[in-house]
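Here is a friendly briefing to read alongside the model. Have the sequence and the viewer open, and follow along topic by topic.

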Amino acid sequence: MPIISTAGLARTFTGRSSPVEAVRGIDLTVRPGEILGLLGPNGAGKTTTLRMLTTLLPPTGGAATVAGHDLVKDPAAVRRRIGYVAQSGGLDPQETVRSELVLQGRLYGLDRTRATARAEELAVDLDLTELLDRPTPALSGGQRRRLDLAMGLTHRPEILFLDEPTTGLDPGSRADLWALVRRLRDEHGTTVVLTTHYLDEADALADRIVVVDQGTVVAEGSPAALKAAHGAATLQDAFLAITGRGPAPVDTTPVAV
Amino acid sequence: MLLHDTALLFGRYARQTLRSPFQIFFGALMPLLYLFFFGPLLTGLPLGREGDSWQILVPGLLLQLGLFGASFAGFSIIMEKSWGVFDRMRVTPVSRLALLLGRVLRDAALFVFQAVLLVLVAVPMGLRAPLPGILIGFGFVALLSAALASLSYALALKLPSPQEFGPAINTLAMPAMLLSGLMLPMALAPGWLDVLSHLTPFRYLVDAVREAYIGHYTTPAVLYGVLVALGLTALAVTVGTRTFRSAGA
C-alpha cells in the first residue's frame, strides 16, 4: 500500500500572455519508509510538485492520495500527517527559536504546556538547546536548517517533504542533515521526499530516484539501477543522459580571456 | 478550534506589533496632522449639515485612518511570504479563516487604538460628541479596518510582484477618500459628484458616524452604514479566506 500515489497530477499557471504548464502530469508511487529523491533541471516542476503534494497549491489536473487521504477532497487530513520544509525555510525574523517552536506546536493543536515540552524535546534532538532564546536571524545557515527541520517535525509527521534541504550549507552541516534524514527513517519509519541538485546527495541518501523534466517523470529507479541503465559511472552522468544534455564535451582549446 | 487558532495567531501578531511602538503611533500621524492644521480652517464655515465642524471632521479622520492604515496591511503578508512563514503556516491544519482572522483582528485592534488616540486629542481641540456616538464610531473603524485589511492581504497575494502593491493601493485609496467625503461632507457637492459618492461603500460609513456623533442613532443613515459595513466585511473576509486557500495562485 503506497503512502503517496499520484495519477496525472498537473498544474497550469495562467501567465500574463499564455498559460504555463509547470507540471504536465506526474505519476508517482512512494512506499512507506522510503527516501525518495526528486531530481530534475531548474524549472522541471519539482517545487511545484512538492507544493501540490503538501496542499499549498491546488492541482489543475489529476489526482493524488497522500498518507491515506485525498489531496483535493481532504487537505486538512493530509496536513495533519505531513511535514514540509520549503527551500527558503519559514522563520520569522521577529521571533526567537523557542517562540517559533512553541507556536508551531500550538498550531498543531498542542496546549501551551505540551507545546513547550515538545519544543525542548525537539531542541535536544536537533542540537538547538543552547540557541532556544536567540532571535532567529542570529542563527547560522546550518542552525537555521536544523530549526526549519524541527518545525517540520513538530507533530511527528508520517511523511516529510524537503525542498533542496542542503542548498547553501557547508559540508559539515550537509553531513549532519543526511545523518538526520537517515535516522528519521530508521528510527521512526518516516517517509522522506526530497528534491536536490546535488547528485552525490541523491546517490548517498535516496533509496529511489525520480527524474522530472519539463513537468513529467522521465526516469525512475534506484541510483544503482539508473547508473546501470545508462552505462554511467556516476549518477551525474546518468542524470545528464536522462535529461538529454549528454556528458560535458571535453574541450581542448584554451579558454580565451 | 477556529476561535483557539484565531486567538493564538492574534496573540502572536499583537505581540509583534507591541514590540514596535513606531508602528503603533506612526499610523496616527497623518490624521493628527489633518486635525491640527486642517481642522481649525473649518470651524467658521457652513458645512451643509447638522453638527459643528469637529463633529463632521473627526468622523472623517477616523475612517481615513482605517482606510489608509488597513489598505497597506498587505505589506506584512508580502514579507511573510518571502520569509516562507506564510507557507509554513498554510501547511499546518489550521483553518484558512483563522490564518486570516488572526492577522486581521490585530490590524483592527491597532487602528481602533489609533482612533482612540485621535479622539482624545480632538477633545481639547474642540470636539464635543456623545459617548455612545464615539463608541459607535470606533465600531465602524474596527469593521472598516477588518474589511480593508482582508482585501489588502488578498490583493498582496494576487499581485505578481510586490513592487506593484504600493502604487495599486494608492490608486485605489485616493479616489476612495475623495469620493467618500471624508474631509468635507458631500452635502457641499454638485449632484453628479454626490451620485458618484453614493457608489462607494465608504460614503455610507462616514455618513453613519457623523450621525452618531450628533447623537442620532436610529436614523436611516446609521442603518445603511451598519448594513454596508457588515456586508463589506463579510465579502472581504470571504475573498481573503479564498485567497489564503490558494495563496493567490
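Of the 257 residues of chain A, 44% count as buried, where buried means 20 or more other C-beta atoms within 10 Å of the residue's own, exposed means 12 or fewer, partly exposed is in between, and C-beta atoms are placed from the backbone. Please keep in mind that this is a predicted model, in which local features need pLDDT of at least 70, side-chain atom pairs count only at pLDDT 80 or more, and totals for chains, interfaces and linings use all residues. Residues are numbered from 1 along each chain as its sequence is written, while chains are lettered from A and ligands numbered from 1 in the order in which they are written.

**Chain A overall**

- Chain A has nine helices and 10 strands; helices (H or I, at least four residues) and strands (E, at least two) are DSSP runs, numbered from the N terminus.
- Its radius of gyration is 19 Å, close to the 18 Å from the globule rule for 257 residues, so chain A is as compact as a globular protein of that length. The radius is taken over C-alpha atoms, and the rule is 2.2 Å times the number of residues to the power 0.38.
- Along the principal axes, the C-alpha atoms of chain A fill a box of roughly 60 × 45 × 40 Å.
- Among contacts in chain A between residues at least 6 apart in sequence, 65% join residues at least 24 apart; a contact means C-beta atoms, placed from the backbone, within 7 Å.

- For chain A, UniProt places "domain: ABC transporter" (unreviewed entry) at residues 4-239. That span is 38% helix and 26% strand, with its end C-alpha atoms 24 Å apart.
- For chain B, the UniProt annotation "domain: ABC transmembrane type-2" (unreviewed entry) covers residues 22-247. Here the chain is 77% helix and 0% strand, and the end C-alpha atoms are 30 Å apart.
- UniProt positions follow the numbering used here, feature names are shortened, and annotations may be inferred rather than shown by experiment.

**Where the chains meet**

- In the interface, 23 residues of chain A are in contact with 17 residues of chain B.
- On the chain A side, α2 (75-81) and α3 (97-107) each supply at least two residues.
- By class, that side of chain A has 13 nonpolar, six polar and four charged residues. Ala, Val, Leu, Ile, Met, Phe, Trp, Tyr, Cys and Pro count as nonpolar, Asp, Glu, Lys and Arg as charged, and the others, Gly among them, as polar.

**Helix α10 of chain B**

- F165(B), I169(B), A176(B) and S180(B) are the buried residues of α10(B). They cover an arc of only 45 degrees around the axis, so they sit on the same side of α10(B); the arc is that of the directions from the helix axis to the C-beta atoms.
- The cover over these buried residues includes α5 (53-71), α6 (74-83), α9 (131-158), α11 (191-197) and α12 (201-213) of chain B.
- On the face turned away from the buried side, P167(B), T171(B), M174(B) and P175(B) are exposed.
- After α10(B) comes G181(B), with a positive phi near 70 degrees.

**Positive phi in chain A**

- A67(A) is not a glycine, yet its phi is positive, about 50 degrees. A67(A) is in the loop between β4 (61-66) and β5 (69-70), and counts as partly exposed with 18 C-beta neighbours inside 10 Å.
- Q214(A), also not a glycine, has a positive phi of about 50 degrees. Q214(A) lies in the loop between β9 (208-213) and β10 (216-221), and is partly exposed, with 16 other C-beta atoms within 10 Å.

Terms used: Contact = placed C-beta atoms within 7 Å.
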